[in-house]
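Thanks for coming. I will go through one model today, starting with a chain and ending with the contact between two of them.

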Amino acid sequence: MSAARWAGTEGRRLRLERRLLANPRRAAILRVIGAAVALLVSGLILELTGRSAPFLAGEVVDSTFGSRFGLEETALIATPILLAAIAVAIPLRMRLWNIGVEGQFYMGAWASAGVGIFLDAPRPVLLISMAAAGALGGAAWILLPAIARAWWGVNEIITTLLLNFVAILWVGWFSIDIWRDRAAAVIQATPLVGATLPTFPGATILHVGFVLPFVLAVVFWYVFRGTRWGYEVDMAGGNPRAAEFAGINVRRRIVTVMLLSGAIGGLAGMVHLSGATFRLQQTISSSYGLSGFIVAALAGASFIGVVAGGVFIALLLHSGIALQGAGLSVYIVVAVYGLVLVGIAVGEVAARYRLVFGSPARAGSPAEERAPP
Amino acid sequence: MIWFAALRTAIDAGTVVVLAGMGELLTERVGVLNLGLEGLIGIGAVAAVIATDLGMGPWTAFVVGMLAAALFGFLFASSVVVIRTNQVLTGLALVLVGVGLSNQLGNDYQGSPIQDRFRPLPIPVLADIPQVGPALFNHTLVVYVAYVALPLGVAFLLYRTRHGMNLRAVGENPAAADAAGINVTGMRLCYATIGASFAGAGGAFLMLAFTPVWAVDVARGRGWVALAVVIFAAWRPFRLVFGALLFGAMISLGFIAQQQNWGVSSFVLSMLPYVVTLTLIVVPAALARFGIRARSTVAPGSLAQPYFREER
């Protein structure tokens, strides 16, 4: 490479060289570094505003690893976050942004609550019907953005996001008014659903839904590595025109991928409803869609990365809840998320640059500059 | 009778969207997509609240709100224009930072309304017309500026000046603009910052005139609505005003329905503005696709694309 050739010669100037493609592994490492730096900066800001960061860090470790309950709680939060992250990661492979996972989560929870409250069936049948309803509810909620994007060229970021507001209000309406549990003392929630997910043997609160995101991550890892469909989706994302010429129906891929994403988002709602809250309530999601989005951005649509990142964010979020006792509000956590996202974005850019000694490369070298795939 | 009051509310409610949307229009015209309006409105609002609390008058507080949002807008612009980070990711980061920070800072001011706010400025003679007068000609100065001076000014800048032509050129084809000697980086930094300050003005207006008490998540999706209205407006200033008024009308309809006891759930009424905004961008696009209505304008050519001179 030109860098080696020019190092050591006269005119040793340090400069940045940009490449056309970033090495995926390097990009992943730099994204994580970016996120870590953002966390350090946030810690520093907290320290400067009079909150002791080391103390907070100690609190985090204690609340999570200090007890078995803490670990189970973290896993309980990780489940919807991981599912939401997978839902974001799938369309991200086509460079489509589904920012509406929060809304799909709500509609999935709503649909499965409807089935769970009003359908009388044995537990396994009821759970399967609820899961189907949840997936359908989530998919239905992204149908319009998907069609509008594929055929009419409407930006999916804004349509999916606007539907979040509608979904949250919709669930609020049903849980506070239409389906409200008028018999029990609880207010602002529906009656209990008819079937709940079993907990793990020996666990107090952790339900079996925890394995679902890991199963899905492996399935989609395989789909995008070893199947024709996965390859075609990746290709349509990388270069839609070339994909079109190769005979791939890009529009249909867009709709399929987005519906799949919505269905998983809805399923996340069902799992959380039947495994953790047991009733539909307006606050059923603690911004799990948002956390999932951050995870997918951190992982760069790699499903193995999603699993690692999801567990990490769940730790962070769980500690956020623990920290509320220590005088930190949930708002700070949101702002820290923002900084983490900036760190990820900067890391992604940094992956495309390399620090080089020497004068600019000669003409004709761009061909060598492409990083190995 | 009530319909005139409704018109008044619609105009007031739409002002935030006009302000934030006009800023975004300028930003997008130079090729920068700033998804962070929701956060910037929050920052403008909380800065105005804090400024009033420190004893500043409404106008000073308004300027403080604009400047605070401009600062964050400049940081955003530096990141996406100079470092060239992904505009979608960075924009969403701005939403989170803005919303989180403003909620945190505003927490102490919850429930205490701002006393020293903008006073309505009746236009002589016109304001005395029965019904119509109070609805149209008895607003605060910011409202007149947002609905009349701002679209006129922006339209003049964009279509009648050389600088405006350069501005559009940067958004359509930065390489060509660069070759013609236009400073692409400077232009983008400048208008992304100005655009952000408009969103801050929207937030400050919320606090100083429309709903003068701090509440969590002040923007309530208006930032996203403004982004959608820019698309509906096909990046043209006057259509933007029309779209914002439609949004305002839906908010206003919700108020009327509650006042008149129409028996519609408040949840459904609150959904209305978002649903209508969604229709505003989806339906015209669908009609254009079926050839019923020609698509008049498409997005600026380089929207959300970073510019590298070396790759020209």
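In chain B, 79% of the contacts with a separation of 6 or more are between residues 24 or more positions apart. Keep in mind that this is a predicted model. For the complex, the predictor gives an ipTM of 0.90 and a pTM of 0.90. Chain B has an average pLDDT of 92, and 98% of the residues score at least 70. Going by element, helix 3 of chain B (residues 58-83) has the highest mean pLDDT, 97, while helix 5 of chain B (residues 132-136) has the lowest, 84.

Now the overall build. Chain B contains twelve helices and zero strands. Its radius of gyration is 20 Å, close to the 20 Å from the globule rule for 312 residues, so chain B is as compact as a globular protein of that length. The C-alpha trace of chain B spans about 60 × 50 × 40 Å along its principal axes. Of its 312 residues, 52% count as buried.

Gly202(B) sits in helix 9 of chain B, residues 184-210. Is Gly202(B) buried or exposed? It counts as buried, because it has 33 C-beta neighbours inside 10 Å, and the cut-off for buried is 20 or more. Which residues does Gly202(B) touch, leaving aside neighbours within four places in sequence? They are Val16(B), Leu19(B), Ala20(B), Ile41(B) and Gly44(B). Take Ala20(B): it is 182 residues from Gly202(B) along the chain, yet the two C-alpha atoms are separated by 5.8 Å.

For contrast, take another pair. Leu287(B) and Leu101(B) are 186 residues apart in sequence, and their C-alpha atoms are 41 Å apart in space. Leu287(B) belongs to helix 12 of chain B, residues 266-289. With 14 C-beta neighbours inside 10 Å, Leu287(B) counts as partly exposed.

The 24 residues of helix 12 of chain B should span 34 Å at 1.5 Å a residue, and the end C-alpha atoms are 35 Å apart, which agrees. There is a bend of about 35° in helix 12 of chain B at Leu272(B), and a proline, Pro273(B), follows within four residues. Pro273(B) is also one of the buried residues of this helix, which include Met271(B), Tyr274(B), Leu278(B) and Ile281(B). What covers the buried residues of helix 12 of chain B? The cover includes helix 10 (222-232) and helix 11 (237-260) of chain B, together with helix 6 and helix 7 of chain A. Just after helix 12 of chain B comes Gly291(B), with a positive phi of about 75°.

Two other residues with positive phi are worth a look. Arg84(B) is not a glycine, but its phi is positive, about 65°. Arg84(B) lies in the loop between helix 3 and helix 4 (87-106) of chain B, and is partly exposed, with 18 other C-beta atoms within 10 Å. Arg220(B), also a residue other than glycine, has a positive phi near 45°. The place of Arg220(B) is the loop between helix 9 and helix 10 of chain B. Arg220(B) counts as buried, with 21 C-beta neighbours inside 10 Å.

Last, one helix from chain A. Helix 11 of chain A, residues 250-277, has 28 residues that should span 40 Å at 1.5 Å a residue; its end C-alpha atoms are 39 Å apart, which agrees. Of those 28 residues, 21 are buried, so helix 11 of chain A is largely enclosed by the rest of the structure. The residue that follows helix 11 of chain A is Phe278(A), with a positive phi near 65°.

Key
Residues numbered from 1 in each chain as written. Chains lettered and ligands numbered in written order. Predicted model: local features only at pLDDT ≥ 70, side-chain atom pairs only at ≥ 80, totals over all residues. Buried ≥ 20, exposed ≤ 12 C-beta atoms within 10 Å, placed from the backbone. Contact = placed C-beta atoms within 7 Å. pLDDT = per-residue confidence, 0-100. Expected span 1.5 Å × (residues − 1). Bend = angle between axes of the 7 residues up to and from the residue. Rg over C-alpha atoms; globule rule 2.2 N^0.38 Å.
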